[in-house]
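Hi there,

Here is the structure I promised to pass on. My notes follow below it, so please have a look whenever you have a moment.

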Amino acid sequence: MGSSSSSVNHVPNAQELMQETGFSASQILRLYERFEFLDRDRTGGLSFQDLEALPHLSINPIGDRIIGAFFSQGQETVDFASFVRVLAHFRPVDSNRRDGAPQEQANSRTRKLKFAFQLYDQDKDGKISRAELLQVLRSMLGIQVTEEQLQSIAERAIQEADLDRDDAISFDEFKKSLEKVDIDHKMSIRILR
Amino acid sequence: MAALWTLWTLSFCLVWPSCWALTPAARLPQLHNPPTVLGLNGTDGSPSVDLPMALRVFSVDYHHVQAPFEIVLWIMLASLAKLGFHWSGRVPAVVPESCLLIMVGLLVGGVIYGVRHSAPPTLSADAFFLFLLPPIVLDAGYFLPGRLFFENLGTILWYAVLGTLWNVLGIGLSLYGVCLLAQSSLGDVSLLHCLLFGSLIAAVDPVAVLSVFQEMHVNDQLHILVFGESLLNDAVTVVLYKQIESFLRLPTVSGLDVLLGGCRVVVVGLGGLFVGLFFGLLAALTSRFTSRAQVIAPLFVFLYSYLSYLTSEMLHLSGIMAIVTCAVTMKQYVEANVSERSNTSIQYFLKMWSSVSETLIFIFLGVSTIQDVHMWSWPFVCSTLLLCLVWRATGVLLLTAVVNKLRRNAVTFRDQFIIAYGGLRGAICFSLVFLIDDFPKKRLFITTTIVVILFTVFVQGMTIKPLVELLDVKRKKRALPSVSEEIHSRLIDHLLAGIEDVVGYWGQHYWKDKFEQFNRKYLRRFLIREDHQARSSILRVYQELERREQRADEEAPSLVDPRSHSRPLLPEEMDSIRRILSRNLQSFNNKQTPAYSRHTLNQDANRARTKKPLHRHLSLGERYTFTQGEVGESSGSGRVRKGLCRSHTVCSISPRAVSQEPLVSTTSAQITDLSSSSAPREDAISPQHQAPGGGGAPKKHLSFVLENEKEQ
């Protein structure tokens with residue numbers, strides 16, 4: 001899909017993005033083509049409707065949250081740089097990259113977890129409150145489960161994770177509850193390597 | 001248990017008349033109708049007894065009905081045995097149904113052998129290829145889950161085509177090596193014969209195992225891989241078999257012949273595909289006009305499919321490919337065009353016919369096992385058994401190693417083991433071996449095939465579940481994940497799915513999207529009835545919602561009722577929460593398991609257990625049929641209004657963009673379910689939907705629909 005003859009120089013800020021995110025030139029090019037494909041009205045930025053037009057994303061239970069995560073604070077459209085930065089989180093972790101401290105890379109484990117954390121934490125207060133957890137559970141579990149069951153599940157989740165007893169899950173508690181899960185593998189899209 | 005004993009008694013009552021019926025005429029006095037006119041007797045050559053008028057009132061003429069009578073008796077026996085089998089407690093979970101059929105066949109074979117001491121009826125090529133094979137393949141093709149199949153098509157083709165070639169060549173060449181080594185006894189088996197044998201023994205039929213799969217928590221992907229592979233593998237096997245058989249008929253086989261043979265295989269496969277497409281589209285078009293003669297609508301499905309099979313057989317193309325393609329093509333349009341009852345009839349008839357076919361083939365198998373025509377050779381039989389296992393295992397391992405690099409969801413070792421070990425041989429192997437042109441070692445081949453089938457079905461079929469559990473146990477050393485882990489993992493799964501949609505697989509979905517557009521714009525308009533088009537698109541989207549669900553085939557989760565928020569939860573409640581999470585986290589309703597099993601329609605199996613969610617799916621269809629004036633399951637004028645306004649609501653939204661339909665249908669599905677259960681629940685849950693309130697377009701859609709409800 002798309003012609004490979006167009007050079008990466010057409011892409012704005014290509015070099016900076018490559019440096020920042022670790023994508024290769026060909027990947028940046030492909031992402032740019034994808035960006036242009038999604039941007040149907042050719043405004044140079046992706047609006048909410050552009051992303052919503054993806055059929056599977058619209059039936060994804062947390063689809064609206066995912067789309068929302070692309071938009072930076074208060075912005076109406078997603079420009080290419082933000083698009084690439086968000087997708088950089090999902091690059092597979094390459095173990096032999098030496099430049100830059102591992103923690104600062106966009107696809108480090110901490111950054112991946114932070115991205116997932118922000119899906120819960122819509123009001124950006126740094127904690128997942130019980131209400132926020134319930135919202136996510138509701139959208140994921142659908143109608144199968146009654147309100148009481150939802151409450152008890154949320155209750156149990158908070159009980160397990162909440163170590164400082166403030167009835168909310170902070171980012172560190174979130175990280176700790178997922179320490180046994182192989183996030184690097186789970187949150188990576190192989191084709192973005 | 002009383003029912004079980006009654007059934008067994010019934011079946012024994014049938015066995016004795018069948019024995020009696022199968023005895024040669026000479027052993028019992030037969031009473032015939034004496035010729036009617038003028039007391040002439042013996043003119044037709046049959047033995048007749050000149051009896052007084054009084055006895056003419058009752059007479060028995062068995063020869064008249066012999067052939068159909070025997071067939072019906074066999075089928076009846078097998079069916080009664082199946083009933084008994086399913087009533088016998090835990091047996092069906094452990095023993096595949098194919099085992100039962102083989103045992104019935106052995107029983108019948110034993111009876112016939114004991115009674116007749118002569119050659120039992122044999123299977124002819126025509127009977128098999130024209131009558132027994134098509135129903136089995138049509139059943140498999142019709143119930144193929146289309147979307148899942150096409151998503152995994154590459155992998156399935158990889159396993160089916162390359163895997164089969166690997167098996168055929170491997171087994172064929174190795175057996176030839178064995179024959180060369182055992183020159184004394186097996187010297188006259190040529191290379192071509194070995195290859196022929198290899199091609200027919202490579203035909204895998206894991207349907208037997210699929211019923212046991214249910215118990216093994218086999219995921220969707222593995223299910224479709226195994227099932228799709230067996231289907232295409234049948235097609236490849238039959239084509240190769242016929243090709244090698246035609247080579248056998250040539251005096252010599254040169255390199256050019258092999259090359260032409262290879263080309264021919266490709267042509268045959270593709271040709272079958274096109275024939276199937278043609279007839280599938282014709283069938284879809286015909287079904288559009290069946291609204292006034294609904295009773296014969298199912299007939300068209302069968303007629304067109306069978307016609308496609310026969311046409312491609314006539315042109316020496318692959319009949320299996322044709323019939324499968326025909327079924328897959330016409331399914332979505334026919335299901336949309338035809339009434340619910342016709343759909344049900346189609347499904348039931350397909351299952352019935354394929355079941356009868358398979359039963360007959362296994363009975364032939366049993367019957368031919370117990371006769372004098374065997375030839376045994378230890379090296380040949382044992383090496384065949386060994387080679388089948390070895391080549392299949394190595395084939396699967398190698399192919400998976402390559403294909404995992406290209407797939408998103410890797411095929412795990414457990415999956416590979418199941419694919420390899422679940423490669424049972426079944427009806428097709430047996431039939432193909434019987435149809436070989438006669439040559440000195442044919443009986444050896446038949447014996448070996450029967451041994452392989454019996455071994456794989458009994459030994460492998462019954463041990464696969466314990467072995468897989470053993471594998472699972474080894475991997476479950478770590479503790480069960482905590483609730484938070486499960487929730488967060490599921491969230492991440494959804495997140496990844498969403499991001500993959502955004503990234504778009506570099507255009508992997510490109511062709512699929514193109515096809516969907518073409519489908520929507522042209523095919524559906526042309527092939528689906530006018531008034532069904534809106535409904536069908538909503539139903540399809542609804543089915544698409546079900547696509548991402550996990551299969552939930554156990555009982556509905558029990559209700560957990562915490563009295564206060566800070567009470568620590570009991571282990572049972574913890575268990576039920578865990579069960580809820582692992583099963584329901586991605587579900588919008590309980591997915592109906594695809595009907596892979598030849599022996600059941602899974603919606604029947606699930607119906608008793610999971611009433612409410614299935615009811616929603618059914619009631620969705622019923623609602624729409626209800627609004628078109630037929631009598632559905634709902635009653636009362638209140639629901640009439642709701643049904644009408646719901647379809648009105650949905651239809652008024654349909655001109656909008658596709659992305660918004662799913663949300664609307666979700667909400668309408670939700671509301672449909674609510675009204676099908678009792679009213680207080682509706683009140684309890686509708687505030688729940690309104691409470692999260694603003695933010696995000698989906699919530700706006702919800703309130704839009706709810707407002708519409710209130711207006712009506």
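First, a term for the notes: a residue is called buried under 20% relative accessible area, exposed over 50% and partly exposed in between, with a 1.4 Å probe and protein chains only. By that rule, 51% of the 193 residues of chain A count as buried.

Some housekeeping. This is a predicted model, in which local features need pLDDT of at least 70 and side-chain atom pairs count only at pLDDT 80 or more, while totals for chains, interfaces and linings use all residues. Residues are numbered from 1 along each chain as its sequence is written, chains are lettered from A and ligands numbered from 1 in the order in which they are written, and side-chain values use heavy atoms, with hydrogens and water left out.

**Chain A overall**

The pLDDT, the predictor's confidence in each residue from 0 to 100, averages 78 in chain A, and 85% of the residues score at least 70. Residues 1-5 of chain A fall below 50, and beyond near neighbours in sequence this stretch has five contacts in the model (contact means heavy atoms within 4.5 Å). Chain A has eleven helices and two strands, taken as DSSP runs numbered from the N terminus (helices H or I, at least four residues; strands E, at least two). Among its contacts between residues at least 6 apart in sequence, 54% join residues at least 24 apart.

**Aromatic rings**

Over all chains there are 28 aromatic pairs. Rings of Phe, Tyr and Trp (its six-membered ring) pair if their centres lie within 6.5 Å; planes under 30 degrees apart are stacked, over 60 edge-to-face and the rest tilted.

B:F197 and B:F380 form a tilted pair, with 5.5 Å between centres and 50 degrees between the planes. This pair links distant parts of the chain, 183 residues apart: B:F197 sits in helix 9 (residues 191-201) and B:F380 in helix 16 (residues 378-403) of chain B. Both B:F197 and B:F380 are buried.

B:F417 and B:Y421 are stacked, at 5.3 Å centre to centre and 10 degrees between the planes. They are separated by about one helical turn, because they lie four residues apart in helix 17 (residues 413-421) of chain B. B:F417 is partly exposed at 22% relative accessible area, whereas B:Y421 counts as buried at 17%.

Back in chain A, one aromatic cluster is formed by A:Y32, A:F35, A:F70, A:F80 and A:F83.

Best wishes
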